[in-house]
Amino acid sequence: MSGEQTVVVTGVSTGIGFGTCKVLLSKGFRVFGTVRRKTDADRLQREFGEAFTPLIVDVTDRLAVEQAAAQVSSELALPR
């Protein structure tokens, strides 16, 4: 790995999650952020750029959370 710091932030479409995401990106982190709607994912991808990866997921849905975790692991080439 290149030493890049990566985090997952839930609920990034508004509020605390949005603010946290914005701060982390400004500090050079790669951020995976959960949203529930594709429209939010598209908007945030445009706003935050390539260091941000939206994850469309309802965090109350266990299968959706597991799929998002698999996506993050795959993109970071981490063993599961």
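## Packing of helix 1 and helix 2

Helix 1 passes helix 2 in a right-handed crossing, a crossing being right-handed if the near helix is turned clockwise from the far one by less than a right angle, and left-handed if anticlockwise. This is a predicted model, in which local features need pLDDT of at least 70 and side-chain atom pairs count only at pLDDT 80 or more, while totals for chains, interfaces and linings use all residues. Residues are numbered from 1 along each chain as its sequence is written, and side-chain values use heavy atoms, with hydrogens and water left out.

Helix 1 (residues 15-26) and helix 2 (residues 38-48) pack with their axes 12 Å apart and at an angle of about 30 degrees, which makes helix 1 roughly parallel to helix 2 (angles under 35 degrees count as roughly parallel). Helix 1 contributes F18, C21, K22 and L25 to the contact, and helix 2 contributes R43, L44, E47 and F48, where contact means heavy atoms within 4.5 Å. By class, this contact has five nonpolar, three charged and no polar residues.

A search of the whole structure finds two aromatic pairs, for which ring centres must lie within 6.5 Å, with planes under 30 degrees apart counted as stacked, over 60 as edge-to-face and the rest as tilted.

| Pair | Centre to centre | Angle between planes | Class |
|---|---|---|---|
| F18 and F48 | 5.4 Å | 35 degrees | tilted |
| F48 and F52 | 5.3 Å | 65 degrees | edge-to-face |

Because F18 lies in helix 1 and F48 in helix 2, their pair ties together parts that are 30 residues apart in sequence. F18, F48 and F52 form one aromatic cluster. F48 counts as buried at 15% relative accessibility, and F52 is buried with a relative accessible area of 1% (buried means under 20% relative accessible area, with a 1.4 Å probe and protein chains only).

Technical notes
Axes fitted to C-alpha atoms, helices over the stretch in contact; angles between N-to-C directions. Helix = DSSP H or I, 4+ residues; strand = E, 2+ residues; numbered from the N terminus. Parallel < 35°, antiparallel > 145°, perpendicular 65-115°, else oblique. Nonpolar A, V, L, I, M, F, W, Y, C, P; charged D, E, K, R; others polar. Phe/Tyr/Trp six-rings, centres within 6.5 Å; stacked < 30°, edge-to-face > 60°. Buried < 20%, exposed > 50% of the residue type's maximum accessible area, 1.4 Å probe, protein only.
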